[in-house]
2 protein chains.
Amino acid sequence: MTNSDEAVQAITDAAVDSFRDTADPRLRELLQGLVRHLHGYVKEVRPTLEEWEYAVEFLTAVGQKCDPTRQEFILLSDVLGVSMLVETLNEQGGGTESTVLGPFHVVESPERVSGDSIDLMGVGKPCVVSVRVTSADGTPLPGASVDVWQCTEEGFYDVQQPDVQPLGNGRGLFRTDGEGRLWFRTVVPSHYPIPTDGPVGELLGATSRHPYRPAHVHFIVEAEGHRPLTTHIFVADSPYLDSDAVFAVKDSLVVGFPEVDDAEAAREYGVTAPFRRADFDIVVEPETETEPANHNQNENEKDAR
Amino acid sequence: MTNSDEAVQAITDAAVDSFRDTADPRLRELLQGLVRHLHGYVKEVRPTLEEWEYAVEFLTAVGQKCDPTRQEFILLSDVLGVSMLVETLNEQGGGTESTVLGPFHVVESPERVSGDSIDLMGVGKPCVVSVRVTSADGTPLPGASVDVWQCTEEGFYDVQQPDVQPLGNGRGLFRTDGEGRLWFRTVVPSHYPIPTDGPVGELLGATSRHPYRPAHVHFIVEAEGHRPLTTHIFVADSPYLDSDAVFAVKDSLVVGFPEVDDAEAAREYGVTAPFRRADFDIVVEPETETEPANHNQNENEKDAR
């Protein structure tokens with residue numbers, strides 16, 4: 001009676017049941033669901049033992065590729081569309097659309113004040129980005145924290161080029177002013193390939209997928225009494241807007257970066273003409289009443305694990 | 001239209017479609033199935049962003065715990081019942097039942113000849129294990145390779161105690177004689193906890209699962225023209241036969257290790273009385289005609305990735 005349907009089902013039942021005594025009901029739900037779906041996948045595709053061993057080796061290599069400035073598991077989640085799915089399922093509507101965190105939010109952004117430049121290299125064509133943060137009803141939100149990170153015109157983040165870029169290049173942690181506004185000087189980021197020198201790059205290569213992301217600037221916005229928002233603005237004339245390797249493009253996040261050839265405006269912003277310019281309004285959703293409690297509960301769960 | 005069912009489905013569709021150009025049809029099937037099932041899991045349990053981040057950190061820690069003698073991803077696959085499921089789905093019936101490889105087949109077993117002792121410590125109560133390897137029709141299989149590994153009476157494998165045990169303790173690579181037989185001297189292994197000093201141990205702790213496996217001896221049997229077999233024999237009077245942490249027990253693999261108090265028999269085997277004794281017949285299945293080709297195909301796929 002080897003390999004009978006009953007013997008196979010008994011394994012799944014035993015694995016699901018093994019989590020029956022989990023004290024935290026949410027953890028129990030997450031793990032029993034994981035077992036059911038993982039087993040469902042295995043039963044559908046029936047991996048050979050060699051394929052299973054290959055999967056173990058692949059996941060091990062993904063973990064071993066991680067270090068303090070490289071997060072290969074986020075990259076794997078990204079290229080499988082899982083990160084974008086989780087982000088989208090956590091939206092409540094009414095605010096700016098969210099998108100993936102990505103693997104490069106791995107160092108703290110230096111604190112900056114409105115008007116600062118986050119381009120520490122000073123060799124590119126200048127760009128001025130202005131942001132306004134409001135609540136869902138249009139009320140400006142002063143004192144909101146806006147964490148910004150982006151790559152260079154060559155398509156590299158600071159942590160990818162420790163010998164070329166100073167750490168903190170392309171990054172800034174700002175606060176909005178009394179009108180919910182801030183602006184900063186930077187360069188227009190380039191489209192770029194996600195890192196391909198690891199197992200995720202091998203996966204893309206073996207499946208004839210290109211590794212490119214359209215040009216974008218990352219934001220995390222946090223305002224008191226509001227849900228945190230993780231999003232990008234995408235550069236409207238960038239290639240790969242239609243085939244982002246991590247499925248993160250939403251139409252509402254695509255923003256023009258027009259060239260401005262106006263010496264007076266350039267002087268006002270402390271740049272030289274011509275320069276590029278982007279404006280972006282960010283709307284964050286008020287926290288619902290039950291949410292802070294839920295959030296604390298999750299934090300406690302994490303501690304308990 | 002954030003978070004609408006259409007927006008969510010569009011992400012899954014795009015992620016599945018991204019693998020459309022994969023040249024190897026089996027790799028395409030494995031990855032598109034993975035995306036569908038992973039997304040199905042995420043849609044069902046709707047992880048918060050904190051839960052997703054926790055999962056990323058957990059998987060990263062699993063990968064980082066691995067080293068040449070520690071395989072934490074196999075352990076994770078084991079405690080979720082996935083390893084046992086894959087093994088069972090790959091059985092064809094007609095032979096000895098298979099069970100999990102486990103995470104301790106990480107060094108080569110030293111070559112031994114029938115009658116050798118694999119107990120290099122020499123401090124435990126002696127045990128004689130006899131094995132006979134036959135084909136499904138009962139024909140004895142001479143020259144079959146039988147790879148054996150087990151823990152000590154204290155429940156540790158050699159690689160877990162590099163300062164206590166010589167590498168190769170409890171391991172042996174044997175060949176069957178003209179009658180398909182071999183025997184070796186050893187100690188009776190103990191039940192033991194799987195390693196709990198890593199993320200998988202944390203998982204078991206957080207879910208009130210015990211980490212124990214019933215006492216067992218591992219075997220990999222390879223005979224020409226036959227399917228390789230990975231299995232255990234379990235010691236019949238061991239605790240935890242009903243709740244193996246990795247779901248690997250099958251009734252047909254539970255074997256008595258009776259005590260023998262017979263000085264003459266002891267002399268014959270080169271041990272002292274009383275000693276423990278186990279006999280186990282291993283039946284391997286002939287390879288089917290199409291299998292060698294399939295096997296080669298899988299090997300080629302691996303190379304191509």
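Colleague: In which sense do strand S8 (residues 229–235) of chain B and S9(B) pair, and over how many bridges?

Modeller: In this predicted model, S9(B) covers residues 254–255 and is an edge strand, pairing on one side only. One residue of the pairing is B:Val235, which stands opposite B:Val255 in S9(B). S8(B) and S9(B) run in the parallel sense, and the pairing comprises two bridges.

Colleague: What is the strand order of the sheet of chain B to which S9(B) belongs?

Modeller: The sheet is open and has five strands, with mixed pairing. Its edges are S3 (171–175) and S9 (254–255) of chain B. Read across the sheet, the order is S3-S2-S7-S8-S9.

Colleague: Why can the relation between chain A and chain B be described as that of a two-fold axis?

Modeller: Chain A is superposed on chain B, with an RMSD of 0.1 Å, by a rotation of 180° with 0.0 Å of shift along its axis.

Colleague: What percentage of the contact residues of chain A recur in chain B?

Modeller: The contact involves 69 residues of chain A and 69 residues of chain B. The same surface serves both copies, and the share of contact residues of chain A that recur in chain B is 100%.

Colleague: Which element gives the largest share of the side of chain A that touches chain B?

Modeller: Several helices of chain A give two or more residues to this side, including H1 (5–17), H2 (25–45), H3 (49–65) and H8 (291–304). By class, the side has 35 nonpolar, 22 polar and twelve charged residues. The largest share is 15 residues, and it comes from H2(A).

Colleague: How are H1(A) and H5(B) oriented to each other, roughly parallel or roughly antiparallel?

Modeller: The axes of H1(A) and helix H5 (residues 82–89) of chain B are 9 Å apart, at an angle of about 175°. Angles over 145 degrees count as roughly antiparallel. The two helices, H1(A) and H5(B), are therefore roughly antiparallel.

Colleague: How many nonpolar residues has the contact of H1(A) with H5(B)?

Modeller: From H1(A), the residues A:Ala7, A:Val8, A:Ile11 and A:Thr12 take part, and they meet B:Met84, B:Leu85, B:Thr88 and B:Leu89 in H5(B). By class, this contact has no charged residues and two polar ones, and its nonpolar residues number six.

Colleague: Within chain A, which helix supplies the largest share of the side of domain 1 that touches domain 2?

Modeller: Chain A is divided into domain 1 (5–81) and domain 2 (95–291), whose C-alpha centres lie 33 Å apart. Contact between them involves 14 residues of domain 1 and 16 residues of domain 2. On the domain 1 side, H3 and H4 of chain A each supply at least two residues. The largest share, six residues, comes from H4(A).

Definitions and conventions
Residues numbered from 1 in each chain as written. Chains lettered and ligands numbered in written order. Predicted model: local features only at pLDDT ≥ 70, side-chain atom pairs only at ≥ 80, totals over all residues. Least-squares fit on C-alpha atoms with pLDDT ≥ 70 in both. Contact = placed C-beta atoms within 7 Å. Helix = DSSP H or I, 4+ residues; strand = E, 2+ residues; numbered from the N terminus. Nonpolar A, V, L, I, M, F, W, Y, C, P; charged D, E, K, R; others polar. Axes fitted to C-alpha atoms, helices over the stretch in contact; angles between N-to-C directions. Parallel < 35°, antiparallel > 145°, perpendicular 65-115°, else oblique. Pairing = 2+ DSSP bridges. Domains from an automatic or database assignment.
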